[in-house]
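Hi,

Here is the structure for you to look through. My notes on it follow below.

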Amino acid sequence: MELAKLIKSSQGDLWLSGRNDHKLRQMASELGLPGDQTFEADITDPFQVQAMSEWSGTPDIIINVAGIGIIKPLEQLTYEDFNTTIDVNLKGTFHVLKSYLPGMKAVKQGLIINLPGVLGKVPMAGAAAYAASKYGLNGMLKSVREELKRTNIRITNLYLGGTDTPFWDEIDLNVQRDKFVLAKEAAKSIWFLCQQPVSGVVSEMVLQPFNHQAI
Ligand SMILES: NC(=O)c1ccc[n+]([C@@H]2O[C@H](COP(=O)([O-])OP(=O)(O)OC[C@H]3O[C@@H](n4cnc5c(N)ncnc54)[C@H](OP(=O)(O)O)[C@@H]3O)[C@@H](O)[C@H]2O)c1
């Protein structure tokens, strides 16, 4: 929501997607967006993502924030936990790339901002599923970037450390959320990335809490 507010306040043309139509419509109404600029889609379903790309057309920028966090020691981690995490965090982005890159290639431009997070680069106890998904995401995005080098399509990866968002609401871990990066500050960093000149590419950015600088 913090990011959506920043984009809207700068007159950017904003399109929102997520799994919950009611939540999307509520956000749209708070932001003053027309209801038809929201689209309900589950990123784990390639057909829904393809339908979303047909609805939205080819955007200048995709901010791909969809992700879940299941943080548990291996003995408590179920097969379902592992598969769901990979489905959303890794395969979901594959679906986005497959659906949107052809359009971006046709217009010869585009920016895709992704959030692999610090746990896409460093391990953490309890993060076997999450880090597997985010390390995989990191490898997939860097490989695709190699394929896009001769185009003007930019891939930017933001490696966020602990940030105080609803992501942590269901995670049973003793963390100091009051020491986390604030959601509105993380939103500002994404907004900064959106505004970078097209003659170059910010391939990576890292934003972490002071007390947990893992990279
Ligand atoms: N917060 C942190 O400390 C932190 C640190 C590093 C990286 N990250 C990454 O940053 C990204 C954003 O996280 P956040 O902190 O903003 O968490 P959040 O508030 O829980 O937001 C997660 C977003 O993902 C969407 N989503 C989840 N599953 C989805 C699915 N199957 N299909 C479509 N959308 C789905 C949710 O939308 P709906 O529920 O409406 O579908 C929600 O908008 C995630 O990729 C996360 O891994 C977060």
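First, some terms: helices (H or I, at least four residues) and strands (E, at least two) are DSSP runs, numbered from the N terminus, and a helix's expected span is 1.5 Å times one less than its number of residues. Keep in mind that this is a predicted model: local features need pLDDT of at least 70, side-chain atom pairs count only at pLDDT 80 or more, and totals for chains, interfaces and linings use all residues. Residue numbers start from 1 along each chain as its sequence is written.

Helix 6 (residues 183-194) has twelve residues and runs 17 Å from its first C-alpha to its last, close to the 16 Å expected. Ala186, Ala187 and Ile190 in helix 6 are buried (20 or more other C-beta atoms, placed from the backbone, within 10 Å of a residue's own; 12 or fewer is exposed, in between is partly exposed). These three sit on the same side of helix 6, because they cover an arc of only 100° around the axis, taken from the directions from the helix axis to the C-beta atoms.

Ile190 turns up again in the largest nonpolar core: of its 39 residues, Tyr130 and Ile190 touch the most other members. Such a core is a set of buried Ala, Val, Leu, Ile, Met, Phe, Trp, Tyr and Cys residues joined through C-beta atoms within 7 Å. Helix 4 gives the most to this core, with seven residues.

Phe210 comes in the segment after strand 8 (204-207). Phe210 is exposed, with 8 other C-beta atoms within 10 Å. Phe210 and Gly161 are 49 residues apart in sequence and 9.6 Å apart in space, C-alpha to C-alpha.

Cheers
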